[in-house]
Amino acid sequence: MQPRNMSMSGVVDLAAVKAAQEAKAKAEQARAEAARHGGGGAVTPASLVIDVDEAGFERDVLQRSTEVPVVIDFWAEWCEPCKQLSPLLERLTQEYKGRFLLAKIDVDANQMLMQQFGVQGIPAVFAVVAGQALPLFQGAAPEAQIRQTLDQLVQVAEERFGLTGLTVDADAAADAQPAPVPAGPHDAALAAAVQALDAGDLGGAVRAYENVLSDDPANTEAKLGLAQAQLLLRVQDMDPAAVRKDAAEKPGDARAQIAAADLDLVGGHVEDAFGRLVETVRRTAGEERDAARVRLLELFEVVGADDPRVTAARTALARVLF
């Protein structure tokens with residue numbers, strides 16, 4: 001699906017303010033200063049992914065962002081979607097070969113940073129470019145969508161701030177190649193699902209994820225992917241204006257509210273989607289009520305059970321049901 005808040009609108013806003021030009025000037029000054037002191041040399045692949053805490057944030061993120069875009073991955077050990085997203089971000093960091101750094105922040109150990117960035121749920125991914133922070137997306141997402149966002153980030157960093165990235169030591173990169181990881185029993189099927197998503201074959205992606213779940217009903221990646229693919233499949237032919245008009249005119253119509261909730265979630269308005277369906281459950285009865293409840297549970301799967309917004313919506317749903 002289109003990930004929650006996955007857009008570069010923050011970059012557009014960033015470029016619109018006067019601080020952008022000031023940040024670019026500071027970035028150029030910092031690079032020149034580093035060059036005078038012998039900095040700016042090649043880095044090792046291992047140094048492209050770093051763990052950051054509150055004490056080292058200014059040095060490791062703010063200062064480094066004058067040389068290269070820094071992508072921040074807010075995660076926690078208990079977060080199941082994080083266990084899918086973080087390895088993917090680490091792999092992409094290596095593939096982009098110094099075009100950005102990846103800073104990993106454990107929210108349990110760094111609550112202040114979480115609050116300063118306004119993180120409402122994890123995983124959450126931000127970027128800092130020339131000292132300027134911007135949101136990228138929240139929640140797990142298909143690899144193709146993440147690549148698109150990273151491509152836009154790299155382009156903006158280069159065009160607006162002159163940040164062309166770091167030089168990676170080729171010899172160190174060759175030495176650092178990891179040993180091949182044995183393929184898991186469902187890796188081929190999951191890869192086929194991702195390829196189908198990349199190609200826009202949503203029906204094929206749904207079938208591929210369902211094949212995995214038929215053998216492994218607890219597979220987290222497949223459950224998340226299936227929920228996202230089904231959501232995209234539902235909204236791809238919708239007329240957003242017509243759907244929202246219908247929902248506004250028929251507040252008690254479960255069908256209209258369910259369609260609008262799907263659009264809400266695709267657009268990144270998670271609380272709106274959940275609130276709309278909780279209210280629909282409260283207003284309706286019988287089959288309509290059950291349809292709204294079931295759709296709400298499906299959307300919980302898209303966002304992830306560990307997200308605090310899901311926890312809050314489950315509590316709200318329980319209140320109206322019981």
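Here are some questions and answers about this predicted model.

User: Happy to dig in! Which element gives the largest share of the lining of the largest pocket?
Analyst: Good place to start. The largest pocket has a volume of about 740 Å³, and 21 residues line it. Helices H4 (80-95), H8 (187-198) and H10 (220-235) are the elements that give two or more residues to that lining. The largest share, six residues, comes from H4.

User: What is the make-up of that lining in nonpolar, polar and charged residues?
Analyst: Lying nearest the pocket's centre are Gln 84, Leu 88, Arg 91, Glu 143 and Glu 221. Taking the lining as a whole, the residues divide into twelve nonpolar, four polar and five charged.

User: How are H12 and H14 oriented, roughly parallel or roughly antiparallel?
Analyst: Two packed helices are described by the angle between their axes and the distance between the axes. Helix H12 (residues 254-266) packs on helix H14 (residues 286-303) with the axes 10 Å apart and an angle of about 10°. Angles under 35 degrees count as roughly parallel. Therefore H12 and H14 are roughly parallel.

User: Which residues meet there, and how many of them are charged?
Analyst: From H12 come Ala 254, Ile 258, Ala 261, Asp 262 and Leu 265, which meet Glu 288, Ala 291, Ala 292, Arg 295, Leu 299, Val 302 and Val 303 of H14. Nine residues of this contact are nonpolar and none is polar, so the number of charged ones is three.

User: What about H13 and H15: roughly parallel or roughly perpendicular?
Analyst: The axes of helix H13 (residues 270-283) and helix H15 (residues 308-321) come within 9 Å and cross at roughly 10°. In the contact, H13 residues including Phe 274, Val 278 and Val 281 meet H15 residues including Ala 313, Leu 317 and Val 320. The contact divides into ten nonpolar, no polar and three charged residues. Because of the crossing angle, H13 and H15 count as roughly parallel.

User: Where is the cis peptide bond from Ile 122 to Pro 123 found?
Analyst: This bond has omega near 0°. Its Pro 123 is found in the loop between helix H5 (111-116) and strand S4 (124-129).

How values were computed
Residues numbered from 1 in each chain as written. Predicted model: local features only at pLDDT ≥ 70, side-chain atom pairs only at ≥ 80, totals over all residues. Heavy atoms only, no water. 1 Å grid on protein atoms, 1.4 Å probe; cavity = no way out; pocket = protein on both sides within 12 Å on 5 of 7 lines; lining within 4 Å. Points joined across faces, edges and corners; volume = space filled by probe spheres on them. Helix = DSSP H or I, 4+ residues; strand = E, 2+ residues; numbered from the N terminus. Axes fitted to C-alpha atoms, helices over the stretch in contact; angles between N-to-C directions. Parallel < 35°, antiparallel > 145°, perpendicular 65-115°, else oblique. Contact = heavy atoms within 4.5 Å.
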